[in-house]
Amino acid sequence: MNKLIIAFALVLFFNCNSAAQKKTNTTEETYKITKTETEWKAQLSAKEFHVLRQARTERAFSSPLNKNEVDGVYVCKGCDTPLFKSADKFDSGTGWPSFDREIKGNVSFSTDYDLGYARTEEHCATCGGHLGHVFNDGPKRTTGMRHCINGVSLKFIPNN
């Protein structure tokens, strides 16, 4: 009886992590700006490359942009595409710069299953750089969305 329970548990365990849960998006999106890995490495710091080109996450509370309250625009560190406005930034308490909306047309979205469940991943629509993820737990008085963005993916341009 114990062997039957163990066998059932093993079958259940391996079936819960089936290929259907794995990222199956094999089509590559084409972006206006495309560079080789070598070109990106020459342009970006190691940390920027790690996040923007390898879809990693910077350590929470490590970005100086998290507490930035100056008026301006946040652009992609890879290609200078405007992505977020400071007027749409809020303190989510998560440790990453957070915005309740993106600049329409400049951010693209995909689904990632890296943690075993579906999350909406955000990319720069011009160069494809990984920005972060969007969640539906943002400010209810505005959009209700929280764009949780890696500060290392962004460059801040203050308004004059």
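Phenylalanine 99 is buried, at a relative accessible area of 0% (buried means under 20% relative accessible area, exposed over 50% and partly exposed in between, with a 1.4 Å probe and protein chains only). The model is predicted: local features need pLDDT of at least 70, side-chain atom pairs count only at pLDDT 80 or more, and totals for chains, interfaces and linings use all residues. Residues are numbered from 1 along each chain as its sequence is written, and side-chain values use heavy atoms, with hydrogens and water left out.

Phenylalanine 99 and phenylalanine 84 form a stacked aromatic pair. Their centres are 4.4 Å apart, with 15° between the planes. Rings of Phe, Tyr and Trp (its six-membered ring) pair if their centres lie within 6.5 Å; planes under 30 degrees apart count as stacked, over 60 as edge-to-face and the rest as tilted. Phenylalanine 84 lies in strand E2 (residues 82-85) and phenylalanine 99 in strand E4, so the pair ties together parts 15 residues apart in sequence. Strands (E, at least two residues) and helices (H or I, at least four) are DSSP runs, numbered from the N terminus. Phenylalanine 84 is also buried, at 0%.

A search of the whole structure finds 3 aromatic pairs. One of them joins tyrosine 74 and phenylalanine 99 edge-to-face, at 5.1 Å centre to centre and 70° between the planes. Tyrosine 74 belongs to strand E1 (residues 72-76) and phenylalanine 99 to strand E4 (residues 98-99), so this pair links parts that are 25 residues apart in sequence. Tyrosine 74 counts as buried, with 0% relative accessibility. One aromatic cluster is formed by Tyr74, Phe84, Phe99 and Phe156.

Strand E1 is mostly covered, with 5 of its 5 residues buried. E1 pairs with strand E9 (residues 154-158) in the antiparallel sense over 5 bridges. Two strands pair if DSSP finds at least two bridges between them. Phenylalanine 156 in E9 is the bridge partner of tyrosine 74. E1 also pairs with E2, in the antiparallel sense, over 3 bridges. Here, lysine 85 in E2 is the bridge partner of valine 73. E1 and E2 form a hairpin with 5 residues between them. In the turn, aspartate 80 has a positive phi of about 70°.

A further ring contact involves a charge. The charged end of lysine 35 sits over the ring of tryptophan 40, 4.9 Å from its centre (NZ of Lys or CZ of Arg must be within 6 Å of the ring centre and within 35 degrees of the ring normal).
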